[in-house]
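Please examine the sequence and the model shown below.

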Amino acid sequence: MNEKTILVTITKEIEVNILDEMLTDEYLKEFSPYMFPVDSIEELFEHAAQYVARFDQSFVEGIGNVGYTELLEDIETEML
């Protein structure tokens, strides 16, 4: 049996939709201490996009169902 180490880099461009009622300062204050620390609406979108990219599902814990469209996926490999 042979073994090789390979670096795999996956880049995704994702469009994410979050319900308007979750895009408030009040919601961020409730979300940050218990789920994931975010300081802005932009960081909430980044968190949702990372979750979608990692798990390929529309349910994001603490946010609920988000709409998303994967616009691009690029995969590169490199032998180490």
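**Basis of the description**

Helices (H or I, at least four residues) and strands (E, at least two) are DSSP runs, numbered from the N terminus. The model is a predicted one, in which local features need pLDDT of at least 70 and side-chain atom pairs count only at pLDDT 80 or more, while totals for chains, interfaces and linings use all residues. Residues are numbered from 1 along each chain as its sequence is written, and side-chain values use heavy atoms, with hydrogens and water left out.

His47 belongs to helix α2. With a relative accessibility of 12%, His47 counts as buried; the term buried means under 20% relative accessible area, exposed means over 50%, and partly exposed lies in between (1.4 Å probe, protein chains only). Apart from neighbours within four places in sequence, His47 is in contact with Phe31, Phe36, Val60, Glu61 and Ile63, where contact means heavy atoms within 4.5 Å.

Helix α2 comprises 15 residues (41–55), which at 1.5 Å a residue should span 21 Å, in agreement with the 21 Å between its end C-alpha atoms. The expected span is 1.5 Å times one less than the number of residues. Besides His47, the buried residues of α2 are Leu44, Ala48, Tyr51 and Val52. Viewed down the helix axis, the buried residues of α2 fall within an arc of 130°, so they line one face; the arc is that of the directions from the axis to the C-beta atoms. An α-helix has 3.6 residues a turn, so residues three or four places apart point the same way.

The buried residues of α2 pack against β1, α1 (25–34), β2 (59–60) and β4. On the face turned away from this buried side are the exposed residues Glu42 and Arg54. Asp56 follows α2 and lies in the loop between α2 and β2. Although Asp56 is not a glycine, its phi is positive, at about 50°.

A salt bridge is a side-chain nitrogen of Lys or Arg within 4 Å of a carboxyl oxygen of Asp or Glu. By this rule the count comes to two. In one of them, Glu70 pairs with Lys12, with the closest N and O atoms 3.6 Å apart. This pair links distant parts of the chain, since Glu70 is in strand β4 and Lys12 in strand β1, 58 residues apart. Glu70 is partly exposed at 35% relative accessible area, and Lys12 is partly exposed at 28%.

Glu73 also forms a salt bridge with Lys12, with the closest N and O atoms 3.7 Å apart. Here Glu73 in strand β4 and Lys12 in strand β1 are 61 residues apart. Through shared partners, salt bridges join Lys12, Glu70 and Glu73 into one network. Glu73 is partly exposed, at 39% relative accessibility, and its contacts beyond four places in sequence are Ile10, Thr11 and Lys12.

**The nonpolar surface patch**

Ile10, in strand β1, also takes part in a nonpolar surface patch of about 470 Å² together with Ile6, Val8, Ile75 and Met79. Patches are made of residues with over 30% relative accessible area and no salt bridge; like charges are joined within 9 Å, and nonpolar side chains (Val, Leu, Ile, Met, Phe, Trp, Tyr) within 5 Å. Accessible areas come from the Shrake-Rupley method with a 1.4 Å probe, and for residues only the protein chains shown count as cover.

Strands β1 (6–17) and β4 (67–79) each supply at least two residues of the patch, and β1 gives the most, with three.
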